[in-house]
Amino acid sequence: MGYAQLVIGPAGSGKSTYCSKLHEHCTTVGRNIHIINLDPAAENFDYPVALDIRELVSLDDVMEELGLGPNGGLLYCMEHLEDNLDDWLTEELDNYLDDDYLVFDCPGQIELFSHVPVLKNFVDHLKRKNFSICAVYLLDSQFMTDVTKFISGCMSSLSAMVQLEVPHVNILSKMDLVAKKKDVEDFLNPEPQVLLSELNQRMAPQFAKLNKSLVELVDNYGMVSFVPLNLRKATSISYVLAQIDTCIQYGEDADVKIKDFDPEDED
Ligand SMILES: Nc1nc2c(ncn2[C@@H]2O[C@H](COP(=O)(O)OP(=O)(O)OP(=O)(O)O)[C@@H](O)[C@H]2O)c(=O)[nH]1
Ligand SMILES: [Mg+2]
């Protein structure tokens, strides 16, 4: 069984930076992880790239040869990855051991986790290869300063959650940039009733029913929960990692093995 994080979220939400700091952190604590770049448009990396989609397909070539723009080119590259799951990816993944922990740094094009099926098929492929996988959705805390932005962030995360159908952890990134922590903390675990009354205050009265449905939707999916991440603090990184590990049951097998030999169980 392998373990994997699929790091997603809007463009610029801090995915690649998170991957690099996570790698640094794991190296410090003596934990083995491999970061895989799935962004064909990425150019500079602060982490050692274990595997790179750019070895499979070049965005520049695609744009030039097919006359596509950057966005169309990127989608083409991702679809090419999808077509090569069974050979390229499978072959490359064979280089990893059973217990390996992989982190996939994804592109930030929102369509990839809302309606284009590429990442869904990617995740299903990993599941078939016996990976325990978790989507790690990053949202920039800079944008979480009022209720309408909060709801819109929840909706984009929710569309990824519904589409990918894997355990899902929401992260509020760039907490080091937040001057007034209280403003953001109000959105980490807000009461649905509070959200609703704030939304109603912001919007014209004809939206009251819609607001109610939106808040109920967010609440029903258990979406109203974000883990703050401050990459400048090792405690924050290890807290986030622990949450994700629990989600993918990383480390639990070891416990089971120990328990198997527990003499107290033999009665
Ligand atoms: N202060 C601060 N800046 C951050 C943090 N994370 C990312 N940034 C900055 O935000 C910008 C975008 O970060 P990236 O890590 O490239 O974001 P990304 O989600 O990988 O972006 P795309 O791959 O383009 O979708 C960069 O200028 C980073 O330096 C953070 O935790 N704190
Ligand atoms: Mg990136």
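Leu 119 is buried, because 24 other C-beta atoms lie within 10 Å, where a residue counts as buried if 20 or more other C-beta atoms lie within 10 Å of its own, exposed if 12 or fewer, and partly exposed in between, with C-beta atoms placed from the backbone. The residue belongs to helix α5; helices (H or I, at least four residues) and strands (E, at least two) are DSSP runs, numbered from the N terminus. Once its neighbours within four places in sequence are set aside, Leu 119 is in contact with Cys 106, Leu 112, Phe 113 and Leu 164, two residues being in contact if their C-beta atoms, placed from the backbone, lie within 7 Å. Leu 119 and Gln 249 are 130 residues apart along the chain, and their C-alpha atoms are separated by 22 Å.

The model is predicted, so that local features need pLDDT of at least 70 and side-chain atom pairs count only at pLDDT 80 or more, while totals for chains, interfaces and linings use all residues. Residues are numbered from 1 along each chain as its sequence is written, and chains are lettered from A and ligands numbered from 1 in the order in which they are written.

## Two domains

The protein is divided into domain 1, made of residues 2-189 + 225-261, and domain 2, made of residues 191-222, with bounds that come from an automatic or database domain assignment. The C-alpha centres of domain 1 and domain 2 lie 29 Å apart. Seven residues from domain 1 and eight residues from domain 2 take part in the contact. On the side of domain 1 that touches domain 2, five residues are nonpolar, two are polar and none is charged; here Ala, Val, Leu, Ile, Met, Phe, Trp, Tyr, Cys and Pro count as nonpolar, Asp, Glu, Lys and Arg as charged, and the others, Gly among them, as polar.

Helix α1 has 14 residues, 15-28, and reaches 20 Å from its first C-alpha to its last, close to the 20 Å expected at 1.5 Å a residue, the expected span being 1.5 Å times one less than the number of residues. Its buried residues are Lys 15, Ser 16, Tyr 18, Cys 19, Leu 22 and His 23. Seen down the axis of α1, these residues fall within an arc of 155°, so they line one face of the helix; the arc is that of the directions from the helix axis to the C-beta atoms. They pack against the strands β1 (2-8), β2 (34-37), β4 (101-105), β5 (131-140) and β6 (168-173), and also against helix α10 (234-247). Just after α1, Gly 30 takes a positive phi of about 75°.

Helix α1 also gives the largest share of the shell around ligand 1, namely three residues. Of the 15 residues around ligand 1, those that come nearest are Gly 14, Lys 15, Ser 16, Thr 17 and Gly 108, a residue being near a molecule or strand if its C-beta atom, placed from the backbone, lies within 6 Å of it. The shell around ligand 1 divides into four nonpolar, seven polar and four charged residues.

## Positive phi in two loops

Most residues other than glycine have a negative phi, and most peptide bonds are trans. Asn 130, although not a glycine, has a positive phi of about 70°; its place is in the loop between α5 (118-128) and β5, and it is exposed, with 9 other C-beta atoms within 10 Å. Lys 174, also a residue other than glycine, has a positive phi near 60°. Lys 174 is placed in the loop between β6 and α7 (181-185), and counts as buried because it has 22 C-beta neighbours inside 10 Å.

Leu 74, found in helix α3 (residues 70-83), is buried, with 22 other C-beta atoms within 10 Å. Apart from its neighbours within four places in sequence, Leu 74 is in contact with Pro 40, Ala 41, Leu 59, Pro 107 and Gln 109.

Lys 149 lies in helix α6 (residues 147-164) and counts as partly exposed, with 15 C-beta neighbours inside 10 Å. Apart from its neighbours within four places in sequence, Lys 149 is in contact with Phe 143 and Met 144. In the loop between β5 and α6 lies Thr 145, which is partly exposed, with 15 other C-beta atoms within 10 Å. Thr 145 and Val 184 are 39 residues apart in sequence, and 6.1 Å apart in space from C-alpha to C-alpha.
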